Amino acid sequence: VSAEPGDGGRGRARGRILSGAAIAAALLLIGVYLAAGGSSYTPEKTQDPCKPRPWRSPESLQEIAEQFSLSALDGAACQLGVSREALARALATPEARERFSEKYGIDDEKLAKAIRAGLVRAVDDAERAGALPPLLAGPLRSTVEKIPLDQAIELVHDARSALGGLQGILGPAGNFLEELLP
Amino acid sequence: VVVLALPDIYRDLDTSVAAVTWVLVSFNLVMALAAVPAALLARRIGPGRAAAIGLAVFAGAGLACGLSDQLSTLLVARCVQALGGAAAVTAALELLPATVGSERRAVAIWASAGATGAALGPAVGGVLTELISWQSIFLLQVPVALAAAVPILAVARHEAATGIIEPELRRTGRPHLWANLALAMVSAAIAAALFLLVLLLIEGWRLSPIVAAIVVTAMPLAAILGNRLIGPLVPSSRARAAAGAILVSGGLAGLAFLPKATVALTLPPQILVGIGLSLVLSALTETALGGRAPQAIHGGWTISARHAGVVIGLLLLTPVFTADIAQQRQDAIDAGTAVILDSRVSPLLKIDLAQRIESRLEGEKGKVPTIGPAFEPLPSDSGEREAVEELRSELQDQLNRAATHAFSPSFLLAALLGLIALAPIGLARRIEL
C-alpha cells in the first residue's frame, strides 16, 4: 500500500475523484429510492378497531349488510383487544375459532359477549349513518344483545339474510323492514 | 455458483431456509479454515501436485454433491469439496507467475478472477438449475475440474522428477492484517448481497431461477466493466478499495429501500454492487499480496479472509431475515385480510376467497404463496369479475410489499458490514504510509 506505482499527485487526485464519485452515486441512489417511497413500501397497517370507521354510502340491502358486518367485527375486535382481521379469520371456520381461542385465551362466553357488543355497535353505526331507521334500531339492538353465539357469528357473516329475516325476529313490525330500509 | 440453486435444494430436500444456508456456510467455513494449511501443503509437496490433488478431490466431492439426496450427505460432500478447492486455488497462485510471466500480473489476474467468479457464479448456477437441475451445478464441476487438472499433471510430474522449487529462496512475511480484515468484512456484505437478492427474486417475488439468473447478471457485467474501465484509471489500491466498499454499501442500501417490487429497480443497486465488488476485492487482494512471499500462503490468507467473511455474513444475516420473513408473513396476512374485508366483492364470495387463500397459505408451508389460482375461475358477472380482479391485484401488491420489506433490515445490515470495511482500509493507510 505504501509504495504504489503512480501514487503521486495525479494518482491521489484520481483516487479522490473515484471516492467522491462513489459517495455521490451511493447517496444519489439512496436519495432517489427514498424519495420514491422506499421507506414506506411495507404491507398496509391494520386499523385500530376501536376507532370509528366511516360507512360507505350504502345503496342496497347487501351493502348495508356488509357495512353492518364490518362494524360488528370492529366492535367485537375492540372489545377483545385483537385486530378486526384476526377476528374475521377466526370466525371463518370452527377450527379457526378454536385456534384463535387457544392463541388468545378467549372462551366461547367471552367471544359471544364481544360479538354481541360488536353487533350493538353495528346497529349504532347503521343508525348514525342513516342506514337503519330509529324505529327498527331499538328492537334490533335488544335482539342482538341476547342472541346466541352461533347465530351472532352467522349474523356477522351474512347480515343480509338476518336483516332480511328481521320480519321473523321482529314480528309484525318487521314486515315493513324492506320498505323502511333505504 | 450454488446461490441460485438454494431455493430448489430447499424444496427438493424438504428442509428450512436456515438449514439450506449451510450448503454455503459449510463450504465457506472449510475453505476459510483450510486455505492456509492447503497453501503450506502446496509449498511442501509442490504447487503442481497440490493443485492436481485438489482438483481431483474437488471433482470427486462434486460428484458426491450431485448424487446427494439428503442434506447431511450434501453438506459432508461440500466440506470435502472445499478442501479440494482450497488446495487448487492457493496452488494456482504459485503456478500462475510461470504461465503469465510476472508475479505482479499473476496477482492481478488471480484477484480479478476471484472477483469476477464471485459475481458471475450465481447467474451460471441459476441457468443450470432452471435448464437441468440443481444437481447439474455440481455434476458439471466434475469434467471442468478434471479438464483443469490435465495441464497441471505435467507440472506435477516435473515436480516429482526434479523436487520442489527452491523454498529457501522464498521469504515469508506476516499476513497483511488490515487488508485481510477488510476483505472479510466486504466479502460478508457481498455474500449477503448475492444470497439475499437471489432469495428475494425467487422466494419473494416468485421469479423462476433462469429469470433470476438473467436479472443478477447485471452484477457480473458491472463487475467486468469496473475491472476493465474504472480500475486501471486509478493506480491507488487504497482509493479503489475505499470507493469499492462505498459502492457495495450504497448498492445494498438501495436494495433495502426498493420503492416497488420491480426487477428494473434492482438494476441500479446491482450495478453499484458489481462495480464496487470488482474494485474492492481486486484492490484488497493485491494489497494483501503486494511485496509478500510466498504468494500461495498470502493468497491462502486472502482466501481464508474472504470465505470467513462469507460465513460471518450468512450466519449474522440468516437469523435476521428468517425472523423478518415470519413477521412480514403475518403482516401480509393481516393486510390481505383487510383488503378482502374492504373489497367490493360480495360477502359470500369474500368468505369463499378467504378460505381458498388460507388453504394456499397452508399448502405453501410458510413460504410466500402464489395467490393467482385461488381466484380461478373468475365470476361470470362483469361487475363481480372486475371487483375480484381488483382484489387480486391489491392482494398481490400487499404480498410484494411484505416480501420486499422482509429483506430490508438484512440488506441494511449488509450495507453496514461494507461500511465497517472502510475502517481497516483507513487503518492500513495510517499504519503503512
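A residue is called buried here when its relative accessible area is under 20%. With that cut-off in hand, welcome to a few views of this predicted model.

**View 1. Chain B, inside and out.** By the cut-off above, 57% of the 433 residues of chain B count as buried.

**View 2. The overall build of chain B.** Look for helices here: chain B has 16 of them, and 0 strands. Its radius of gyration is 24 Å, close to the 22 Å from the globule rule for 433 residues, so chain B is as compact as a globular protein of that length. Along the principal axes, a box of roughly 85 × 45 × 30 Å holds the C-alpha atoms of chain B.

View 3. Take the contacts between residues at least 6 apart in sequence: 81% of them join residues at least 24 apart.

**View 4. A closer look at helix H8 of chain B.** Helix H8 covers residues 177-204. At 1.5 Å a residue, its 28 residues should span 40 Å, and the end C-alpha atoms are 38 Å apart, which agrees. How many of the 28 residues of H8(B) are buried? The count is 25, so H8(B) is largely enclosed by the rest of the structure. Following the helix comes B:Arg206, which has a positive phi, near 60 degrees.

How values were computed
Residues are numbered from 1 along each chain as its sequence is written. Chains are lettered from A and ligands numbered from 1 in the order in which they are written. This is a predicted model: local features need pLDDT of at least 70, side-chain atom pairs count only at pLDDT 80 or more; totals for chains, interfaces and linings use all residues. Side-chain values use heavy atoms; hydrogens and water are left out. Helices (H or I, at least four residues) and strands (E, at least two) are DSSP runs, numbered from the N terminus. The radius of gyration is taken over C-alpha atoms; the globule rule is 2.2 Å times the number of residues to the power 0.38. Buried means under 20% relative accessible area, exposed over 50%, partly exposed in between (1.4 Å probe, protein chains only). Contact means heavy atoms within 4.5 Å. The expected span of a helix is 1.5 Å times one less than its number of residues.
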